[in-house]
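Student: Could you take me through one part of this protein closely, namely its nonpolar core and the sheet?
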Amino acid sequence: KSGWVTYSPETCEALTQASQQGIAQTEFEAGPRTKLTLDISEMKQIGKSDEKDIRCLIENTDGEFVFWGLESGRSFQPGIVSKITKMSDISSTLTIDGWKYDLDNLNRTKENSVENIKTEIIVPAKFKKTGSTGKLKLVSAPAVQVKSGTAAAANGNGVSASAAVDNDEDDDPPATKKSKKSTATKKSGKKKQEAVEEVEEEKPRMKSVVKKGLAPVDAECPYKDSFHVYTEGSDIWDVMLNQTNIQNN
């Protein structure tokens, strides 16, 4: 087979969480006798008898999935792809793990080493529940909540998977859950009376924030329409502070 095959949303989210927690290898199984290791430090899917390349695609602000990697086609790790994608609209140069990236000339340098890099917009294939890739399940780990903004794929000689971007502010609001019904039964002599009470769960509330650049302006700021969060290179100068009413002290 050739071409790239997409991982499931659950697998992509597991890789996203592994990247955010600094976990290099995550164990999966595709059946009782098929176990695979996804190594996001080396961008490899490791089986019992073979290894396949995996790649990371990050969703940008235009809703497109972006690939960043070496000219050879090897994908960068999810954390690197995420940082480059976020900063590419702000600066053409940035430094990550000692490598200086020149996004205009598509290369990166570190001491005396120079490597050419490449980027492209990719439309990921739809996920299919076929083959070992479509049946992957996380081994010995709690269930994960699937987030938007991730994609993945793989080929016959290498599996392409997407790992992660922190898009909390771009996630769709959770859907309102249907009201649950509870039934109470009360006995009185030989007669039974049943009452059905509908309990509606509180609907989630949406809150609007003003986002200029890489971080939203505090919603309580009276000048949020004209101010923005200061960024310096890849550093974002934002912080969460507590608000206290001294009249209640």
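What is the mean pLDDT of the protein chain?

Tutor: Happy to! This is a predicted model, where local features need pLDDT of at least 70, side-chain atom pairs count only at pLDDT 80 or more, and totals for chains, interfaces and linings use all residues. Residues are numbered from 1 along each chain as its sequence is written, and side-chain values use heavy atoms, leaving out hydrogens and water.

The mean pLDDT (the predictor's confidence in each residue, from 0 to 100) is 73, and 63% of the residues reach 70 or more. Over residues 142-200 pLDDT stays under 50. Where pLDDT is low, the predicted coordinates should not be read in detail.

Now to the core. A nonpolar core is a set of buried (under 20% relative accessible area, 1.4 Å probe, protein chains only) Ala, Val, Leu, Ile, Met, Phe, Trp, Tyr and Cys residues joined through side-chain atoms within 4.5 Å. The largest one has 29 residues, and Trp-68, Phe-76, Ile-84 and Tyr-101 have the most contacts (heavy atoms within 4.5 Å) inside it. Among the elements giving two or more residues to this core are helix H1 (9-20), strand E1 (25-31) and helix H2 (78-87); helices (H or I, at least four residues) and strands (E, at least two) are DSSP runs, numbered from the N terminus. Leaving aside residues up to four places away in sequence, Ile-84 touches Trp-68, Phe-76, Leu-94, Ile-96, Tyr-101 and Leu-103.

As for the sheet, five strands form an open one in the order E4-E3-E2-E1-E11, with antiparallel pairing (at least two DSSP bridges between two strands). At its edges are E4 (51-53) and E11 (137-138), each pairing on one side only. Three bridges join E3 (residues 44-46) to E4, and Ile-46 stands opposite Glu-51 in E4.

Note on methods:
Buried < 20%, exposed > 50% of the residue type's maximum accessible area, 1.4 Å probe, protein only.
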